[in-house]
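Q: Hi, could you walk me through this one? I'd like a quick tour of the fold.

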Amino acid sequence: DGELLSRRLRLEAKVMRRTTEVTMGDIARMAGVSESTVSRALAGSTLVASKTRQRILEIARNANFSVNEQARNLALKQTRTIEVIFPIERGTLQQVSDPFFVDMLAVLTDELGKHGYDVLIARSPPWDEGRPGLAFLGARADGVIFVGQGRHRSEIRDFARRHDKVVVWGAVSPGDDYCVVGSDNIGGGRIATSHMLSIG
């Protein structure tokens, strides 16, 4: 009887929860499936039949089981973290608290969050002397986004040639051989000027 089996599994999960730390192997044994199926089900994979997925989730919930994200990321060789660098010129008054940077950071954090990524913020670029260790270079981040280029195009170009997981926000210029996402300032200026001229 399905209801009887469900009750037995719930009871077994509660007993296990009280006596020991529940593992993915325990969940697999109680559900009568493989550990890889449990892993897929807990990740929300549609490769697992809906009924099986629900059963696994119920068992995990009753056993207070939670996935160790650090262990999972280590196994997948990824951190699910992106480092965002604001390469601010030394000696200038510009700060990360600048409203433009705050807005940019908010959008980046929201969008990365939708895809399951966290954000690390750095203000010192990798070519700065005496900078703290860059998370990306220390394998604590999967990629890096530079917000702005300023006078650092050559440094960014050198960095991007050595590391392929680099994206730069800024104006696109001829000769940029790295991934740049930004607006066409010259084209925008032409459109604005054309509009002003059209209305006298």
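**The sheet and the cores**

Q: What order do the strands of the open sheet come in?
A: The order is β2-β1-β3-β4-β5, five strands with parallel pairing. Strands pair if DSSP finds at least two bridges between them; strands (E, at least two residues) and helices (H or I, at least four) are DSSP runs numbered from the N terminus. This is a predicted model, where local features need pLDDT of at least 70 and side-chain atom pairs pLDDT 80 or more, while totals for chains, interfaces and linings use all residues. Residues are numbered from 1 along each chain as its sequence is written, and side-chain values use heavy atoms, leaving out hydrogens and water.

Q: Which strands stand at the edges?
A: β2 (118-122) and β5 (179-181); each has a single partner strand, so one side of each has no neighbour in the sheet.

Q: And how does β5 pair with β4?
A: β4 (residues 166-169) pairs with β5 in the parallel sense over three bridges. Valine 168 has valine 180 in β5 as its bridge partner.

Q: Switching topic: which residues touch the most other members in the largest nonpolar core?
A: Val22, Ile27, Val38, Ile56, Ile59 and Phe65, out of 13 residues. A nonpolar core means buried Ala, Val, Leu, Ile, Met, Phe, Trp, Tyr and Cys joined through side-chain atoms within 4.5 Å, with buried being under 20% relative accessible area (1.4 Å probe, protein chains only).

Q: Which element gives the largest share?
A: α2, with four residues.

Q: What does the second core include?
A: That separate core of 11 residues includes Phe159, Val166, Tyr178 and Val180.

Technical notes. Buried < 20%, exposed > 50% of the residue type's maximum accessible area, 1.4 Å probe, protein only.
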